[in-house]
Amino acid sequence: MKAVSVSNDMKPELMALWKRCFEHDEDFCGFFFEHQFAPERALAAVDEEGKICSALHFFEGQYQDESGRVNDAWYLYGVATAPGFRRKGYGSFLIRELGKAARIGGICAMYLTAEETAWNFYEEIGFVRNAFLSRTVFEPCRAGNLSWTLCGMEDFRRLRLMYTGGLKNAFTWNGASLDFMYSDLIRDGQVLRCVLDGNEYYAAVRLREGELTVVETSFPRESGDLLAGSIAEKFGGYSTVSVFGTADERFLGSTAANRETFYKGHTLFLNGTPPAETVYMNLLAD
């Protein structure tokens, strides 16, 4: 096996591999390859005949450490190995090769989300399960006169930077990656803004299969009732609202029916020891 740089003419084969490995994700596959795919952000492993056996893609992101210093980081996505080549080392080989390139390029860490069945695979490579989110499910009541309006890309970028700029041990997005996240969000949801007590806040909302989920928001954690109630009123027809937050900052409110902290990410710091827990800012992980 060997790792090869990806070219544009490999795109059909890479799409076919994705669809074969992620059968539930065909709609997103087309969207991803149309709007986010770039040969320089992908790597493939081929067999002796040059056939693509495994591939991965990555987003460019950032990591802000405890001191506030910002470093470049990569989020791995669409890591896939064709069924006939699994358990032969193709996937781990490919990730290690990407890690070599990341170190040379000054990337501080690689991070990803994974199904529970793949945790052992990533941990054997060196990834650490230390990135978590909280989820609070509200059964909202009326929320008064708080009004949410559509939030354009530039306002979203500005408001999100105000929020993430104060976080430590946190991964976030930059540039084209955040543009793509915004485009993906508005395919099946909305990005909203509101003004409360003179301060602006944003909320990224997904509407899927009858579920209303706030996947990320800068709204005050102590005001979960107001957040859930006002979002429910805006969209109507939903008996519950799920709200994601950081693991140590759950949303509070008397209408919260269930709270849980659940795993969402693995991290691999390329030069140094990972912190005990990171804040995982991932607009795709819903």
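Visitor: Which residues does phenylalanine 180 touch, not counting residues up to four places away in sequence?

Guide: Welcome! This is a predicted model, where local features need pLDDT of at least 70, side-chain atom pairs count only at pLDDT 80 or more, and totals for chains, interfaces and linings use all residues. Residues are numbered from 1 along each chain as its sequence is written, and side-chain values use heavy atoms, with hydrogens and water left out. Contact means heavy atoms within 4.5 Å. Leaving out residues up to four places away in sequence, phenylalanine 180 touches Phe28, Phe31, Phe32, His35, Gln36 and Phe59.

Visitor: Is phenylalanine 180 buried or exposed?

Guide: Phenylalanine 180 lies in helix 6; helices (H or I, at least four residues) and strands (E, at least two) are DSSP runs, numbered from the N terminus. Buried means under 20% relative accessible area, exposed over 50%, and partly exposed in between, with a 1.4 Å probe and protein chains only. The relative accessible area of phenylalanine 180 is 3%, so this residue is buried.

Visitor: At what angle do helix 2 and helix 6 pack?

Guide: Two packed helices are described by the angle between their axes and the distance between the axes. Axes are lines fitted to C-alpha atoms, for helices over the stretch in contact, and angles run from 0 to 180 degrees between N-to-C directions. For helix 2 and helix 6 the axes are 11 Å apart, and the angle is about 145°.

Visitor: Which residues of helix 2 and helix 6 make that contact?

Guide: On the side of helix 6, the contact is made by Phe180, Ser183 and Asp184. Helix 2 brings Phe28, Phe31, Phe32 and His35.

Visitor: Which residues of helix 7 are buried?

Guide: Helix 7 covers residues 224-235. What covers its buried residues includes strand 6, strand 9, strand 10, strand 11 and strand 12. Those buried residues of helix 7 are Gly224, Leu227, Ala228, Gly229, Ser230, Ile231 and Ala232.

Visitor: Which side chains make a polar contact with the side chain of histidine 266?

Guide: Histidine 266 sits in strand 13 and is buried, with a relative accessible area of 0%. A polar contact is a pair of N or O atoms within 3.5 Å; within protein, one must be able to donate a hydrogen and the other to accept it, and residues adjacent in sequence count only if both atoms are side-chain atoms. Another, of 2.8 Å, joins histidine 266 to the side chain of glutamate 123.

Notes:
The expected span of a helix is 1.5 Å times one less than its number of residues.
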